[in-house]
Amino acid sequence: MEKKKITPHFKDILTYLVILFVIHIQFVQSQSIDCSKQISCRDCIQTEGCAWCPKLTNDDVKCFKATEISKYCDPSSIENPKNKVNISQDTPLTKNNSKSNKSIVQLKPQQIDLKLRIKEPKNITFEYARAEDYPVDLYNLMDLSYSMNYHKDKLSRLGSQVASEMSKITKNFRLGFGSFVDKTTYPYISVIPEGMNKSQCQQCAEPYSFKHHMSLSNDSALFEKRVREAKISGNVDPPEGGLDALMQVMVCENEIGWRPNARRLVVFSTDASFHYAGDGKLGGVIKPNDGKCHMKNNEYTHGLIQDYPSVGQINEIAKKHAINIIFAVTTKQIKVYQTLSEHIEGSTVSTLANDSSNVVSLIRDQYNKISSSIEIKDNADKDILNVKYFSKCLGDKINMTNKCDGLKVGQTVEFQVEFTAISCPKNPSDWKQTVKIYPVGIDESLIITIELQCDCTCEKSVEHKSPICSNHGSLTCGICECNEGFSGRDCKCSVQDESTSTENDLQCRPDNMTKVECNNQGNCICGLCECYKRANPHEIISGKYCECDNFSCKRHDGFLCSGQSHGTCKCGVCDCKPGWIGSACECSTSTDTCRAPGETEICSGYGECICGQCKCSNQVENNRYGRFCEKCPTCPGRCQDFKECVQCLAYNTGPLATNSSDCDSNCEKLFKITSKTETVAIEKENLDEQLCTFYDENQCRFQFVYNDKDANNVVVRVQEILECPPKVFTPAIIFSIVGSIVLVGLASLLLWKLIMTIQYKNEFAKFEKERLMACWDTGENPLYKKATSTYQNPLFREE
């Protein structure tokens, strides 16, 4: 079927309409922000688009829209802080390091001071360039349990090849070597006096946790020697103590010899899985790993004191020390270490050949993969700051991304980082934030010191016992803060004063048309509204006339403003966080959720993205559906991919059923069967499900539904029983057909014989009748001829 997509012209119209929709909602939200309801300078400047005028003392309104405040206030006194950027360190990028001993710089600038106002985004530009001859420190951490004996011998002969291959990439390269086995206690090793390793080989060393054999050096011959001299050992259980060793390699910087400005790589070679935090309890080691260096005489000393480190600890230390880990493991362990790599920043996994013949190419390829890619991360507090990254990478179009691939030496890429302060922390000590932006696996960073502008400069000038406050309070930013026992806008009202006077009541009404004080949500005391307290302490009524609250906003899916991650309720209106719009902050401004994984087109080119979800085209020729409009009645989907495995696992039929090992090895990784029911159908509104129908070799019909929303966890629901046609006894049919043919043939012959017999009898009777009726005799019959004929020869002459 030919793929018919929405024409570019129509797609442009859809995009234009979506943009207008977003702009309209943002405009409505901006109009709903009422600056005049903010009663303090802090609240005012923390409201988007508002500014404060402290000179308007005792006026009802001091907070205005920033675009209009100059009509009412002297510009010199306006409190309207702006975002400010100051670059405090900007060392140029290093292009060539071959003849320089200075520190290499691949990231600029290095330090920035930023003053950031709440909800006002600020973009900062920085650059990254891959320097030539960037130093590389490569530490080989090898599992030297008995099963790795052959791998060790191979590595001992490849040290010079590794150094030679890496010298083609950088002239500043160093090698180091260490090994590990496991904790030296039962059940990790044998406690029999002879030792389990002695039963395997006579030259095996006693088990140990981690040994550092060689600090980082450019002497490849020494590396080969150290690897050759290292003795194989052994343990009992299949998992090894690799994480213990990996932790020490990363944190013992002086012992290992890590350089501060170098690409740090650890090649972790093993053919077994690993122990992690909690496994130490099996050997009575319960003290948590402290993530510190504990080495003496080049050997780990706390193997029986501290538990194994957790995966989270390994990740944090790898990030802290900018270390890239390359897991070189055998085929059987690939899946285990791929899962581990997903939780360790900057790590990769590669297959180690059974004879370790690919060690050199493995290191070269993985280094090229790591160094040609730049991924930017940060340590910003996501509850306070919203951070987004944009870059053109090596193209012409800027995209929202924090990663660029395919970089070559000397190429420069530019990134833009957008900071948006979500809200002011309650603790003033958190108003200063230090954010570290860093390339993964490189010991360089951009340090941004952010000062959140949560308070006003006028708060520093306080006039105590101000006449404006009737000498009963302090004047701050044009607002009276009354002393204890006094209240009111100008602190004229004492607690003993009556609060029911007409004049005071009028001050608790927003205008003369209103007949109720404080919107019936508070008490009017001395001309000021004191709002009621709610039973729920998180629900607050506020505002000068108690006209605001934080609980009456619109809800979505039962959550106020769609939940705290989407927005907060302010004065009855949802104040959406960046990335969300709508009256209940229910709509995402991002179109990422409308793109299928690995695709660039929105809604697969068959629909439009509205509120973060695809609305598929309802044209008859398309008839698309699915989360990304990627499905249609005639689309193949993945039904064919799952057919044989469903037959094998659910019904023990199909091509894979002849060999159970083929069935298990080929199918267990593809999907998981969650249920078997009499009939299967797509669940309502589940856009990720696909119904598949097939007939097997016995013409039995079966159906199944799959859901591949999570590519790593595909689930399948199958029909419990095959729908097969009734079985037929073929020989009986054949015999019946043959018998029928024979019977029909015999009946036909008998019928023909009967007909012919009757016909013969009729003809004979007719003949006899005609014979009897004949009226001539033999002499008179004209047809009668005598039996004797006489002939005369005319030439005969009788003498």
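**Terms applied to a predicted model**

Guide: Ile374 stands opposite Cys404 of strand 18 in this model, which is predicted. Strand 15 (residues 374–378) and strand 18 pair in the antiparallel sense over two bridges.

Visitor: What makes strand 15 and strand 18 a pair?

Guide: Pairing requires at least two bridges between two strands. Strand 15 and strand 18 are joined by two bridges, so they pair.

Visitor: Why is strand 18 called an edge strand?

Guide: In the open sheet of six strands, ordered 3-5-21-20-15-18 with mixed pairing, strand 18 (403–404) pairs on one side only, as does the other edge strand, strand 3 (84–89).

Visitor: How do you know whether helix 7 and helix 9 are roughly parallel or roughly antiparallel?

Guide: The axes of helix 7 (residues 242–251) and helix 9 (residues 311–320) cross at roughly 20° and come within 10 Å. Angles under 35 degrees count as roughly parallel; helix 7 and helix 9 are therefore roughly parallel to each other. Their contact involves Leu243, Leu246, Met247, Met250 and Val251 of helix 7, together with Gln313, Ile314, Ile317 and Ala318 of helix 9. Eight of these residues are nonpolar, one is polar and none is charged.

Notes. Residues are numbered from 1 along each chain as its sequence is written. This is a predicted model: local features need pLDDT of at least 70, side-chain atom pairs count only at pLDDT 80 or more; totals for chains, interfaces and linings use all residues. Side-chain values use heavy atoms; hydrogens and water are left out. Axes are lines fitted to C-alpha atoms, for helices over the stretch in contact, and angles run from 0 to 180 degrees between N-to-C directions. Helices (H or I, at least four residues) and strands (E, at least two) are DSSP runs, numbered from the N terminus. Angles under 35 degrees count as roughly parallel, over 145 as roughly antiparallel, 65 to 115 as roughly perpendicular and the rest as oblique. Contact means heavy atoms within 4.5 Å. Ala, Val, Leu, Ile, Met, Phe, Trp, Tyr, Cys and Pro count as nonpolar, Asp, Glu, Lys and Arg as charged, and the others, Gly among them, as polar.
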